[in-house]
Amino acid sequence: MSRLSGRIALITGASRGIGAAVAKRFAAEGAQVILTARTTGALEEVDDAIRAAGGLPATIIPLDLTQHAQLDVLGGAVFQNFGRLDILVGNAGVLGGLGPVALGEPDTWQEAMAVNLIANQRLIRTLDPLLRGGPAGRAIFVTSGAASTAFPYWGAYGASKAALEMMVRCYAAEVVSTNLKVNLLDPGVVRTALRAQAFPGEDATMLRSPETITGRFVELAEIACTRHGQLVRA
């Protein structure tokens, strides 16, 4: 039996990069995946790949995470269609531009906080009853080394990820007496569009592909996982 057989998983930022790779791996492990991102066509391509590999057809929900009101009804929609949710992967993120803190544009910082922090809080708010209601809920939030190391010019991204980490740790402490396991995952240096945006001159062929780190996500998502409130590195 596959490690995620019968499990229902919602993955944000699932149209490319780490999110798409995790979606395909979860489906290969037997999960029914719900995919969210802004680009419908890219989500459909991920679904096509899942079907071609023999996985269950994905449920596609186009979402702009800056439109927080859309997130508030997500829990109800998932419950109506599936009756439960076993796994949440909060993967979507934006770089927020690179530049001095003193010159940072307010809109850029607001977008970084809106996507990297506030959207995940809204996801927790709407999906928490479903995750707690099951026998083995799992929530995984993608973070970065920039959350704990002060890299010059990475203020917006680093601050938003640091805030995300604290929020997730608080959430984990709040649900410690339930069956829900909540963890952070730092993928490290991986070949993604965000990485290319930050390091445009880098030779991407020298970086790990997103597919190489999906095993860590499976470990944190499966019923056998006992980790809770931890920061796991891929």
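Is Arg51 buried, partly exposed or exposed? In this predicted model, Arg51 has 46% relative accessibility, so Arg51 counts as partly exposed. Its partner sits differently. The side chain of Arg51 meets that of Asp47 in a salt bridge, 2.9 Å from N to O. Asp47 has 7% relative accessibility and therefore counts as buried. Both residues belong to helix H2 (residues 40-52). They are four residues apart there, so about one helical turn separates them. An α-helix has 3.6 residues a turn, so residues three or four places apart point the same way.

The structure holds 11 salt bridges. One of them joins Arg7 to Asp86, with the closest N and O atoms 3.8 Å apart. Arg7 lies in the segment before strand E1 (8-12), and Asp86 lies in the loop between helix H4 (74-82) and strand E4 (87-90), so the pair ties together parts that are 79 residues apart in sequence. Arg7 and Asp86 are buried. Arg84 joins in too: Arg7, Arg84 and Asp86 are linked in a network of salt bridges.

Glu29 and Arg25 form another salt bridge, at 3.2 Å between the closest N and O atoms. Glu29 is buried because its relative accessibility is 13%. Arg25, at 25%, counts as partly exposed.

Now turn to helix H5 (residues 106-133). Its 28 residues should span 40 Å at 1.5 Å a residue, and its end C-alpha atoms are 39 Å apart, which agrees. H5 still bends by about 55 degrees at Leu127. A proline, Pro129, follows within four residues.

His228 counts as buried because its relative accessibility is 18%. Among the residues it touches are Ala172, Val175 and Leu180.

Note on methods:
Residues are numbered from 1 along each chain as its sequence is written. This is a predicted model: local features need pLDDT of at least 70, side-chain atom pairs count only at pLDDT 80 or more; totals for chains, interfaces and linings use all residues. Side-chain values use heavy atoms; hydrogens and water are left out. Buried means under 20% relative accessible area, exposed over 50%, partly exposed in between (1.4 Å probe, protein chains only). Contact means heavy atoms within 4.5 Å. Helices (H or I, at least four residues) and strands (E, at least two) are DSSP runs, numbered from the N terminus. The expected span of a helix is 1.5 Å times one less than its number of residues. The bend at a residue is the angle between axes fitted to the seven residues ending there and the seven starting there. A salt bridge is a side-chain nitrogen of Lys or Arg within 4 Å of a carboxyl oxygen of Asp or Glu.
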